[in-house]
Amino acid sequence: MNKEIIDYLENFTQNLKLNNKENLNKIYLQITSKDNIWSINLGTLEENTNLENNVDNLIIKIEESTFFMLRDNIKHPEDLMFDEKIKIKGNLDLLK
């Protein structure tokens with residue numbers, strides 16, 4: 001896993017304004033690179049290799065290059081959703 005991504009996610013998750021921060025344990029960021037797919041639990045920032053299809057979880061799927069475009073403000077998230085560069089699956093209520 002790219003340490004630069006983990007460092008950014010650590011800073012990002014600490015600054016999120018969620019009603020219930022425990023919800024982060026049910027949210028996963030699945031990042032695809034040329035050679036690998038990583039599923040990172042946003043609550044623990046640990047990789048999860050056995051990501052279950054649990055309807056109570058939320059999975060955000062994104063390519064590594066797209067992640068960096070978002071981080072660097074090259075692209076706006078809404079633009080990427082319409083271009084199908086980000087896929088979201090699961091319980092969206094976890095983002096409240």
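Helices (H or I, at least four residues) and strands (E, at least two) are DSSP runs, numbered from the N terminus. With those names, G43 is placed in the loop between β2 and β3. Residue numbers start from 1 along each chain as its sequence is written. The model is predicted, so local features need pLDDT of at least 70 and side-chain atom pairs count only at pLDDT 80 or more, while totals for chains, interfaces and linings use all residues, and side-chain values use heavy atoms, with hydrogens and water left out.

The sheet comes first. It is open and has four strands in the order β2-β1-β3-β4, with mixed pairing; two strands pair if DSSP finds at least two bridges between them. β2 (37-41) and β4 stand at the edges with a single partner strand each, so one side of each has no neighbour in the sheet. On average, neighbouring strands of this sheet are turned by 20 degrees against each other, direction ignored. The axes behind such angles are lines fitted to C-alpha atoms, for helices over the stretch in contact, and angles run from 0 to 180 degrees between N-to-C directions.

At one end of that order, β1 and β2 form a hairpin with four residues between them. Their pairing is antiparallel and runs over five bridges. Within it, L29 stands opposite I40 in β2, and I31 has W38 of β2 as its bridge partner. In a regular strand the side chains alternate between the two faces of the sheet.

Helix α2 lies across β1, β2, β3 and β4, and runs at about 95 degrees to β3. In α2, the residues T66, F67 and F68 are buried. T66 has a relative accessible area of 1%. Leaving aside residues up to four places away in sequence, T66 touches L80 and K85, where contact means heavy atoms within 4.5 Å. The C-alpha atoms of T66 and L42 are separated by 18 Å, the two residues being 24 apart along the chain.

Most residues other than glycine have a negative phi, and most peptide bonds are trans. N73 is not a glycine, yet has a positive phi of about 60 degrees. At 67% relative accessibility, N73 counts as exposed. L45 also has a positive phi, near 60 degrees, and belongs to the loop between β2 and β3. Is L45 buried or exposed? L45 is buried, with a relative accessible area of 18%.

G43 is in that loop between β2 and β3 as well. G43 is partly exposed, at 38% relative accessible area. Its contacts, not counting residues up to four places away in sequence, are with L24 and N25. G43 and K26 are 17 residues apart along the chain, and their C-alpha atoms are separated by 7.5 Å.

The last stop is the largest pocket. On a 1 Å grid over the protein atoms alone, a pocket is an open set of points with protein on both sides within 12 Å along at least five of seven lines, and lining residues have an atom within 4 Å of a point. About 580 Å³ of space lies in the largest pocket, a volume being the space filled by probe spheres set on the points. The lining has 21 residues, of which F12, L29, I60, L70 and P77 lie nearest the centre of the pocket. At least two lining residues come from each of α1 (3-14), β1 (27-32), β3 (58-63), α2 (64-71), α3 (77-82) and β4 (86-90). By class, the lining divides into 18 nonpolar, one polar and two charged residues. Ala, Val, Leu, Ile, Met, Phe, Trp, Tyr, Cys and Pro count as nonpolar, Asp, Glu, Lys and Arg as charged, and the others, Gly among them, as polar.

Terms used. 1 Å grid on protein atoms, 1.4 Å probe; cavity = no way out; pocket = protein on both sides within 12 Å on 5 of 7 lines; lining within 4 Å. Buried < 20%, exposed > 50% of the residue type's maximum accessible area, 1.4 Å probe, protein only.
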